Amino acid sequence: MRINGTPIDDPRNPYLIAEIGVNYFDIAEERDIPPLDAAKKMVTEAADAGVDAVKFQSYSADRLASEQSPAYWDTEEESTETQYELFEQYDDFGKAEFEEIATWTEKNHDIDFLSTPFDFEAVDYLEDLVPAYKIASADITNHPLIRHIARKEKPILLSTGASTIGEIDDAVRVIEEETSDPELALLHCILQYPTDPENANLRMIEHLDQVYPEYTVGYSDHVPPDEGMITLLNSIFHGAQIIEKHFTLNKKLEGNDHYHAMDPSDAREFTQNVKKLSETSGMSRKMPISVESESRDHARRSLVAARDIQAGEEITRDHLVIKRPGTGISPTR
């Protein structure tokens, strides 16, 4: 698949999405700046850290959750007890604000602007702003929303947290019914906020790749950043070609998605480590390479006379030893 012309086909160079979500509201409050300025600041920091895309969330609390919908996150980190109460704090941005951020991002940075729509209205106003649509894990059974998105004929990133293969099959079928040749990525995800490392189950990425070989696979991560960003690097090892990770400028902020997010330093470390992995991966076919030519000649061995051999004398094994360099008769003979 391609996102905004970028091919997603190199496992050594995954497409990294900084999931800003609605974290800019907390950054705005912390720094006493308008939320729009905070959002732009986060885009700049993410771009400077080397990500390929930034992603926001487009929703309205009234259209997303009932007033008594219970929390499903760690309430010691985020104390809000209902989903409606939490979402209502962060749903001030609409079409105008996202248009401004998308236009500003395109003008100032060489990265993609994405946002997850949670209702039909958001799908429609994002159509001219995003090169691809992200569908949240929680909406994998929301077939009307998935169908509406698929009809836009854009690449789709579908998170699969807490889903059975049957539920993923059904969602994929809805997408395939609306477009003959969908550009689709299935993202492994665990719906635990934050996700304990032992619950990451990154080998599920391999399973998705086996079941859906015609589609791209990736990983949407909720594990708190570790030293060296090993969890994200491990997801590449298991085949993730798209990686989505929550992003913040202050991991110590209370609430919402800061406590399991990466910051610019984490993102920069990850992109640098990915570059190292790419540099050392090389080609997949086993063969000698040019820098080995001298060693191939001089570190190998040849057949060498163990003593003087007279003309006409029959040569036996006792006449020979095997020594470097390897520029003579090979001991394979």
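A: This is a predicted model. H2 and H5 are roughly parallel to each other, because their axes cross at roughly 30° and angles under 35 degrees count as roughly parallel.

Q: Which residues are those helices made of, and within what distance do the axes come?
A: H2 covers residues 35-48 and H5 covers residues 95-108, and their axes come within 11 Å.

Q: Is the crossing left-handed or right-handed?
A: Right-handed, as H2 passes H5.

Q: Which residues make the contact?
A: On H2 they are Leu-36, Ala-39, Lys-40, Val-43 and Thr-44. H5 contributes Glu-97, Glu-100, Ile-101, Trp-104 and Thr-105. By class, five residues of the H2 contact with H5 are nonpolar, two polar and three charged.

Q: OK, the sheet. What's the strand order?
A: E5-E4-E3-E10-E9-E8-E7-E6, an open sheet of eight strands with parallel pairing.

Q: Which strands are at the edges?
A: E5 (112-117) and E6 (133-135), each of which pairs on one side only. Across the sheet, neighbouring strands are turned by 25° against each other on average, ignoring direction.

Q: How many bridges pair E6 with E7?
A: Three, in the parallel sense, with E7 spanning residues 156-159. Lys-134 stands opposite Leu-157 in E7.

Definitions and conventions. Residues numbered from 1 in each chain as written. Predicted model: local features only at pLDDT ≥ 70, side-chain atom pairs only at ≥ 80, totals over all residues. Heavy atoms only, no water. Axes fitted to C-alpha atoms, helices over the stretch in contact; angles between N-to-C directions. Helix = DSSP H or I, 4+ residues; strand = E, 2+ residues; numbered from the N terminus. Parallel < 35°, antiparallel > 145°, perpendicular 65-115°, else oblique. Left-handed = near helix turned anticlockwise from the far one by under 90°. Contact = heavy atoms within 4.5 Å. Nonpolar A, V, L, I, M, F, W, Y, C, P; charged D, E, K, R; others polar. Pairing = 2+ DSSP bridges.
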